[in-house]
Amino acid sequence: MILIHGRGVTALSCANLLLQKGFNVKINGKPFSSELSVLIDLSTLQLLAQIFEDKNIVELGYPIQHRIVKWGDDAPKVVNAHAKAIKLNQLNSSLERSLSDILFCKENNDDESIECHIDATGRRSQIAYKLAGATNTFFGSREMITTQVEASLDHCITETVENGWLFMFPVSTNRAIVQMMCPVTNAEANHKSILENAIQQSSLINFYTHSRNIERIACFPASPKILSSLGSNRWLAVGHAAFTVDPICGNGIGAAIHSAILAAATLEKKDSTEFNTAIDHYHKRQQLSFVLHLQHINDYYKCFAHNRNWQQELSSTRQFLESNTATNILNYDNMYYQLANNSLVKLEDLVS
Ligand SMILES: Cc1cc2nc3c(=O)[nH]c(=O)nc-3n(C[C@H](O)[C@H](O)[C@H](O)COP(=O)(O)OP(=O)(O)OC[C@H]3O[C@@H](n4cnc5c(N)ncnc54)[C@H](O)[C@@H]3O)c2cc1C
């Protein structure tokens, strides 16, 4: 039996993929309660619809057709962004409808029938620590302040301000989410006034927010992180448990689902002599995705090079990217494991 810990989009996707491959699967996790609204691009929703064999998934959420980006000193530009705004708990309940209730169980790590654990417990990933002492390396300590405002717009906006960047997307005809990414500078910092000041500094987002007085805010840690080990023949870490991306990439859920697909393909090799090679491959592909992501966001955040808080924030990423470890990981790109029956390769074609 494969025991999946967690009940987010990664856990459910991995469970469904493994069931399709004929595995005996159980899910250990509380019902998903996060009220967080996220933007999911259409290709990610289509991938979920394919995994869950449910075309209705693509119909979920509030549609957005384009994005206006005003980054650093560049002039604003309009880019196509076919995406949907959706609450994570709504997405999760839709996905759970495709799964039988008997899959959900209480934690039982001592059960002898467990052949492999999947840690899909999200950013804090406690299971990998419990099973193998794996710990997280964080790159910076920035956070996302988020609120909902009255606003009427049909597109999303990304805009930099002095201390970070703002993101706004509609969730209905008259409500929108505003988020701000900024370094944690002071534990006593008043997040509400940081966000209000940033909105006032902005030109595009300020134009749309009719209610200047923000009522409720929520804060989330949002710096990238990766686990020291991503698995063995007894367990695998997937989704945000394995590594967490910076929200500027706009595709956290897409990256999480890709790791679930790769993990399911890895487990398909469980009873073959290729299993250890497949695990090694899983580890290396995940690390490679993470390092490429760090390179990408470092390029984006160059525009904050003059800002003292961001300099501290980004130095750990820069040091890591200049290290031998990062160079070695980037060299994996040249290695492509051709497994005997090619199933891993085929799955990677699907996720690329
Ligand atoms: C502020 C913010 C904004 C974001 N915006 C976007 C966006 O616009 N677009 C996008 O694509 N992504 C976005 N993301 C990222 C997105 O939320 C993640 O990619 C996605 O939720 C990862 O899914 P997951 O299933 O790996 O982890 P999670 O969604 O964190 O799920 C983890 C699950 O594990 C459960 N769990 C935790 N501990 C245990 C335990 N010990 N035992 C059992 N279960 C446990 C939790 O209850 C939860 O059900 C955003 C993230 C944040 C923080």
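Me: Which residue of β11 is the bridge partner of P170?

Reply: This is a predicted model, in which local features need pLDDT of at least 70, side-chain atom pairs count only at pLDDT 80 or more, and totals for chains, interfaces and linings use all residues. Residues are numbered from 1 along each chain as its sequence is written. Helices (H or I, at least four residues) and strands (E, at least two) are DSSP runs, numbered from the N terminus. The bridge partner of P170 in β11 is A176.

Me: How many residues lie between β10 and β11?

Reply: Two strands pair if DSSP finds at least two bridges between them. Strand β10 covers residues 164-170, and its antiparallel pairing with β11 extends over 6 bridges. The two strands form a hairpin, and the number of residues between them is 4.

Me: In β12, which residue does M144 stand opposite?

Reply: β8 is also joined to strand β12 (residues 217-221), in the antiparallel sense, by 5 bridges. In β12, the residue opposite M144 is F220.

Me: Is F169 buried or exposed?

Reply: F169 is found in strand β10. A residue is buried if 20 or more other C-beta atoms lie within 10 Å of its own, exposed if 12 or fewer, and partly exposed in between, with C-beta atoms placed from the backbone. F169 has 24 other C-beta atoms within 10 Å, so the residue is buried.

Me: Which residues are in contact with F169, leaving aside its neighbours within four places in sequence?

Reply: Two residues are in contact if their C-beta atoms, placed from the backbone, lie within 7 Å. The C-alpha atoms of F169 and I205, 36 residues apart along the chain, are separated by 9.9 Å. With the sequence neighbours set aside, the residues in contact with F169 are L39, I64, A85, C156, A176 and I177.

Me: How many residues of β11 are buried?

Reply: Strand β11 comprises residues 175-182 and is mostly covered. Of its 8 residues, the number buried is 7.

Me: Which residue of β13 is the bridge partner of N136?

Reply: β7 runs antiparallel to strand β13 (residues 225-227), and 3 bridges join the two. In β13, the partner of N136 is L227.

Me: Why does the ligand lie between the two domains?

Reply: Domain bounds come from an automatic or database domain assignment, which gives domain 1 (2-29 + 104-140 + 223-351) and domain 2 (143-221). Contacts between the domains involve 9 residues of domain 1 and 7 residues of domain 2. The ligand lies between the domains because its shell receives residues from both domain 1 and domain 2.

Me: Which residues are closest to the ligand?

Reply: A residue is near a molecule if its C-beta atom, placed from the backbone, lies within 6 Å of it. At least two residues of the shell come from each of α1 (9-20), β3 (37-41), β8 (143-150) and α7 (252-267). Among the 33 residues surrounding the ligand, the closest are G6, G8, G122, G239 and G252.

Me: How many residues of α1 are buried?

Reply: Among the buried residues of α1 are V9, T10, A11 and L12. These buried residues of α1 pack against elements including β1 (2-5), β2 (25-28) and α7. The helix is largely enclosed by the rest of the structure, because of its 12 residues the number buried is 10.

Me: How far apart are the end C-alpha atoms of α7?

Reply: α7 is mostly covered, with 14 of its 16 residues buried. The expected span of a helix is 1.5 Å times one less than its number of residues. The 16 residues of α7 should therefore span 22 Å, and this agrees with the separation of its end C-alpha atoms, 23 Å.
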